[in-house]
Amino acid sequence: MKRYLLATLLAFSVAALQAKVRLPHILGDNMILQQDTDARLWGWAKPGKTVKVTTSWSRDVATAKADADGRWLLTVHTPKASYEPLTITFDDGDRLTLNNVLSGEVWVCAGQSNMEMPVKGFGNCPVDGYNMEVLESSHYKGIHFVKIPSRMAVEPQDDADCQWQVVGPQTVGEASATGYFFAQAVNRALDIPVGLVMANKGGTRVESWLTKENLEKYTDDPTDSLEIVKRWPQYDYHRSLLWGNGTFHPVLNYTVKGILFYQGCSNVGDPGNQYSDRLALLVKQWRNQFRLGDIPFYFVQIAPYHYDNVMGVNGAQLREQQYRASKIIPNSGLVCTNDLVYPYESQQIHPAQKKPVGQRLAFLALNKTYGMETVGCQSPSFKDMRIVGDTIHIHINDDFGAISRFEGIEGFEVAGEDRVFHPAVAEHFWQPGGGYWDETIRIVCKEVKKPVALRYCYRNFQLGNLKNAAGLPLFPFRTDDWE
């Protein structure tokens, strides 16, 4: 009799457990919902069960019926951003309530280690100003983050073991530094909560995040798990497909505002336009998967690094590909970091100056996404060139009415027909007349009497110092197409 009673109670407990609605971990206490939109909520329940969702900000009741696999999904319209704590209750017979939910702006932080790098830094890779960021973190109310564990999976995963954190002295060190400094700037400028969904993995290639279908159609990367391991037996972070399945797929139902991306070092050496084409493919894929339209995509140009030869150009070629990507990807923007590496960091793949990186991403978002047109967000870029005798004159785009210095400009190199580049002297040039070429940047190289081509910081590790009125650095460039 006791055995029968025990079995009955066990069966009842299992049935009750199966009946209770289950949520993915990303839906939890302290989460931030994208404001003033139809935000998706989803999970699992007993097949055929109806799940009812009520919120503290509305009398509306949203319902969904679990399908044969127990899956359900619905939307609720979120309120405008505020710091008022909200609740969401899920009911399929048993009630489950989420607390301290805020409505604000939600951004995904994707990419490799320079996005993953936390405020506390990595081993032998510090982040500038760590102690002060800890001390001041409590001044930023309403910044929350969730870190998706970096893991590989053969099949796309619908859930990941994660938990939303409220930024404060005890937690800020674990947040992505680039993402956190982005959130700081947006929070201060708009005075609204900011949520960061951190789905990234150090060392990953752009192919690491592509789906099986895109890999098979556009690359020669293997998609069979055994073949993937054979291709990259030691450097698992280079493996295609698996990181997207395990680390990024769990966030695709979450309603977000846009994507921040810092990646590229592991693709240095890719031929031709391969990187920019595949990055554009990845952005299109993610936008299709999020089902939110052409959401903003703001990304970071890789910083100067020696790549085994400071005078080499394979890193410069990848930066060139990133610049091209910014021109072919709709609703995108690129941050230049050529000035954010200390001279002694040529062998530091994780530069310490992360705050300006995050802030420059925020400048893009504040201007392009949030309409703050007074915020200068675009780095200057090469516009045109004229050669007069032994002198090159150039104009640049997006100077916002000024360049940062009239003399002592560093980073330019000039070559003649022999294709050998030499350091050049550059300065601001002006003469009366008011013509288009009466005000330029003038470049001269005493070793090259008949200049043919010009380059700016087109080396693996070469730091320039020319900026526009917003303090943003000139994008590295070249006027030649020599191999």
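Arg-478 is buried, at 18% relative accessible area (buried is under 20%, exposed over 50%, partly exposed in between, with a 1.4 Å probe and protein chains only). The model is predicted: local features need pLDDT of at least 70, side-chain atom pairs count only at pLDDT 80 or more, and totals for chains, interfaces and linings use all residues. Residues are numbered from 1 along each chain as its sequence is written, and side-chain values use heavy atoms, with hydrogens and water left out.

**Salt bridges**

The side chains of Arg-478 and Asp-480 form a salt bridge at 3.6 Å, N to O (a side-chain nitrogen of Lys or Arg within 4 Å of a carboxyl oxygen of Asp or Glu). Asp-480 also pairs with Arg-455, at 2.8 Å, N to O. Asp-480 lies in the segment after β21 and Arg-455 in strand β20 (residues 453–456), so this pair ties together parts 25 residues apart in sequence. Helices (H or I, at least four residues) and strands (E, at least two) are DSSP runs, numbered from the N terminus. Asp-480 is buried, at 9% relative accessible area. Arg-455 is buried too, at 9% relative accessibility.

The structure holds 18 salt bridges. One of them joins Glu-133 and Lys-355, at 3.0 Å, N to O. Glu-133 sits in helix α3 (residues 130–136) and Lys-355 in helix α10 (residues 355–369), so the pair links parts 222 residues apart in sequence. Glu-133 counts as buried at 5% relative accessibility. Lys-355 counts as partly exposed at 27%. Elsewhere, salt bridges link Arg-205, Glu-207, Asp-221 and Arg-278 in a network.

**Pockets**

Arg-478 turns up again here. Asn-273, Gln-317, Glu-320, Gln-321 and Arg-478 lie nearest the centre of the largest pocket. A pocket is found on a 1 Å grid over the protein atoms alone, as an open set of points where a 1.4 Å probe fits, with protein on both sides within 12 Å along at least five of seven lines; lining residues have an atom within 4 Å of a point.

Two or more lining residues of the largest pocket come from each of α8, α9 (314–328), β14 (381–388) and β21 (477–478). The lining has nine nonpolar, nine polar and seven charged residues. Ala, Val, Leu, Ile, Met, Phe, Trp, Tyr, Cys and Pro count as nonpolar, Asp, Glu, Lys and Arg as charged, and the others, Gly among them, as polar.

α5 (212–218), α6 (225–231), α7 (242–248) and α8 each supply at least two lining residues. By class, that lining has ten nonpolar, eight polar and four charged residues.

**Nonpolar cores**

The largest nonpolar core has 71 residues, and Ile-26 and Tyr-254 touch the most other members. Such a core is a set of buried Ala, Val, Leu, Ile, Met, Phe, Trp, Tyr and Cys residues joined through side-chain atoms within 4.5 Å. Helix α8 (residues 274–290) gives this core its largest share, seven residues. Beyond four places in sequence, the contacts of Tyr-254 include Ile-26, Trp-42, Trp-164 and Phe-290 (contact means heavy atoms within 4.5 Å). A second, separate core of 39 residues includes Met-115, Ala-303, Leu-340 and Cys-377.
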